[in-house]
Amino acid sequence: MHIQDTHWSTASALAPGGGAVGAAAGNGRGDGPRTTPLRVDAQRNLEHVLRAAREVFGELGYGAPMEDVARRARVGVGTVYRRFPSKDVLVRRIAEEETSRLTDQARAALGQEDEPWSALSRFLRTSVASGAGRLLPPQVLRVGVPEEVGAPGAGAEGARVPQQRTQPGAGELRLVAEEPVADADDAGAAALLEVVGRLVDRARAAGELRPDVSVSDVLLVIATAAPSLPDPAQQAAASSRLLDILLEGLRSRP
């Protein structure tokens with residue numbers, strides 16, 4: 001997994017349909033919404049930049065430079081900065097879109113699969129195949145560590161991270177960050193955690209999921225089961241094989 005932190009300033013916060021990223025995508029300056037549609041060539045350049053950013057960040061992590069994005073999009077780096085005045089704004093745009101995609105996939109699995117294990121495994125397979133896990137924002141993948149971990153005399157059981165989702169504050173994946181993040185980021189991440197939590201709870205209640213598996217485990221599976229390989233067929237085969245192994249590890253056994 002190549003996901004890594006970058007500086008996420010609240011000044012460049014993204015709100016659906018508005019905010020800094022919406023403004024940046026509209027006029028490149030972030031000083032207000034655009035009132036006229038983008039020219040055809042400008043719209044095409046924006047789509048190329050977004051596609052390139054997903055590919056580059058998916059392969060190299062969010063630490064990849066904007067120059068790499070511009071090179072992949074076959075535009076000048078100035079074109080990228082006209083659309084997104086800072087790398088922070090571009091990262092937020094991509095991370096929000098991928099978080100929303102995963103949330104939609106989890107809701108679809110809940111609504112279309114009656115069997116709890118089938119719903120959870122469908123969500124995992126769909127998400128891994130989409131590659132969205134490589135682009136989850138850093139604050140979603142941070143796992144809170146219990147205070148007892150590392151304390152003198154703490155046993156192996158006390159040091160296990162993460163613990164069950166049903167134990168509040170016991171090492172579960174939480175929205176924590178070194179700096180405050182914007183409400184829009186929190187809302188999107190919270191929606192993802194809530195719907196994946198429902199998938200986990202159903203599978204656990206049905207006795208099909210190991211009792212120590214948490215929401216954070218599931219998201220880490222998504223983030224790590226989609227390796228970035230140069231050959232698409234090889235990547236698909238590797239992802240499928242790795243996910244089969246990880247699913248076996250998640251299942252409850254008599």
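Tutor: A helix here is a DSSP run of H or I with at least four residues, a strand is a run of E with at least two, and both are numbered from the N terminus. With that numbering, E98 lies in helix 5. Keep in mind that the model is predicted.

Begin with E98. A residue counts as buried when its relative accessible area is under 20%. The value for E98 is 2%, so E98 is buried. Apart from neighbours within four places in sequence, E98 is in contact with R54, A132 and L135.

Now place this in the whole chain. There are ten helices and one strand, and the order from the N terminus is β-α-α-α-α-α-α-α-α-α-α. The chain has 254 residues, of which 44% count as buried. If you take contacts between residues at least 6 apart in sequence, 69% of them join residues at least 24 apart.

Not counting residues up to four places away in sequence, V218 touches L120, F123, L124, V196, V200 and V213. Some of these names return where two helices meet. In general, the packing of two helices is described by the angle between their axes and the distance between the axes. For helix 6 (residues 116–130) and helix 9 (residues 215–224), the axes come within 8 Å and cross at roughly 35°. The crossing is right-handed. Helix 6 brings L120, F123, L124, S127 and V128 to the contact, and helix 9 brings V218, V221 and I222. Sorted by class, the contact has seven nonpolar residues, one polar and no charged ones.

Go on to the loop between helix 9 and helix 10, where A225 is found. A225 has a relative accessible area of 0%, so A225 is buried. With neighbours within four places in sequence left aside, A225 is in contact with V128, S239, L242, L243 and L246. A225 and S127 are 98 residues apart in sequence, yet their C-alpha atoms are 9.6 Å apart.

Helix 2 covers residues 40–60; at 1.5 Å a residue its 21 residues should span 30 Å, and the end C-alpha atoms are 30 Å apart, so the two agree. Its buried residues are A42, L46, V49, L50, A52, A53, V56, F57 and G58. Just after helix 2, G61 has a positive phi of about 90°.

Last, a contrast with E98. R74 lies in the loop between helix 3 (66–73) and helix 4 (77–83). Its phi is near 60°, a positive value in a residue other than glycine. R74 has 82% relative accessibility, and therefore counts as exposed, whereas E98 is buried.

Methods: Residues numbered from 1 in each chain as written. Predicted model: local features only at pLDDT ≥ 70, side-chain atom pairs only at ≥ 80, totals over all residues. Heavy atoms only, no water. Axes fitted to C-alpha atoms, helices over the stretch in contact; angles between N-to-C directions. Left-handed = near helix turned anticlockwise from the far one by under 90°. Contact = heavy atoms within 4.5 Å. Nonpolar A, V, L, I, M, F, W, Y, C, P; charged D, E, K, R; others polar. Expected span 1.5 Å × (residues − 1). Buried < 20%, exposed > 50% of the residue type's maximum accessible area, 1.4 Å probe, protein only.
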